[in-house]
Amino acid sequence: MKPGNEEMLPPPQQKPGMDRDLIIEELLLGIVRALVDDRDEVQVTSKTTLSSKIFRVTVAASEAGKIIGKNGRTATSIRGLLSAMGVAAKMRYGLDIVTRH
């Protein structure tokens, strides 16, 4: 095949922002699982409103401190990443950390 004659595939038909939110949720899950000891107990869910999306991270009560970090620095860093990704998506992203007893 000559260069420039590659067959072009049409772009996939998806709802705008749908794929990006799923990628962010998976990234958040990977970050949190890397921080805790009991990876199987981590869950990430999300709730969407008109102009924002809140990601809820559920971890075991004994693991919450690892997600929050000293003086909240780890949680603040994760929120900063979400905020930066939200600018690109023109959406406000938030983070809630919930413990499972």
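**Ground rules.** I number residues from 1 along each chain as its sequence is written, and side-chain values use heavy atoms, with hydrogens and water left out. Since I have a predicted model, local features need pLDDT of at least 70 and side-chain atom pairs count only at pLDDT 80 or more, while totals for chains, interfaces and linings use all residues.

**Fold.** I started with the secondary structure and found 3 helices and 3 strands. Helices here are DSSP runs of H or I with at least four residues, strands are runs of E with at least two, and both are numbered from the N terminus. Reading from the N terminus, I get the order α-β-β-α-α-β.

**Contacts and surface.** Next I looked up contacts, meaning heavy atoms within 4.5 Å. Of those between residues at least 6 apart in sequence, 61% join residues at least 24 apart. The protein exposes about 7,500 Å² (Shrake-Rupley method, 1.4 Å probe), and 55% of that area comes from carbon and sulfur atoms. I also noted that 28% of the 101 residues count as buried. For the labels, buried is under 20% relative accessible area, exposed is over 50%, and partly exposed is in between, with a 1.4 Å probe and protein chains only.

**Salt bridges.** How many salt bridges does the structure hold? I have 4 on the list, each with a side-chain nitrogen of Lys or Arg within 4 Å of a carboxyl oxygen of Asp or Glu.

**D37 and K66.** The closest N and O atoms of this salt bridge are 2.4 Å apart. The pair links distant parts of the chain, 29 residues apart: D37 sits in the loop between helix 1 (18-35) and strand 1 (43-48), and K66 in helix 2 (residues 64-68). D37 is exposed at 63% relative accessible area, whereas K66 is partly exposed at 33%.

**E63 and K66.** Is E63 buried or exposed? I find E63 buried, with a relative accessible area of 5%. E63 forms a salt bridge with K66, with 3.1 Å between the closest N and O atoms. Through shared partners, salt bridges join D37, E63 and K66 into one network.

**E41 and R100.** My last entry is the salt bridge between the side chains of E41 and R100, at 2.8 Å from N to O. E41 is in the loop between helix 1 and strand 1 and R100 is in strand 3 (residues 92-100), so the pair ties together parts 59 residues apart in sequence. I have E41 as partly exposed at 30% relative accessibility, and R100 is partly exposed with a relative accessible area of 30%.
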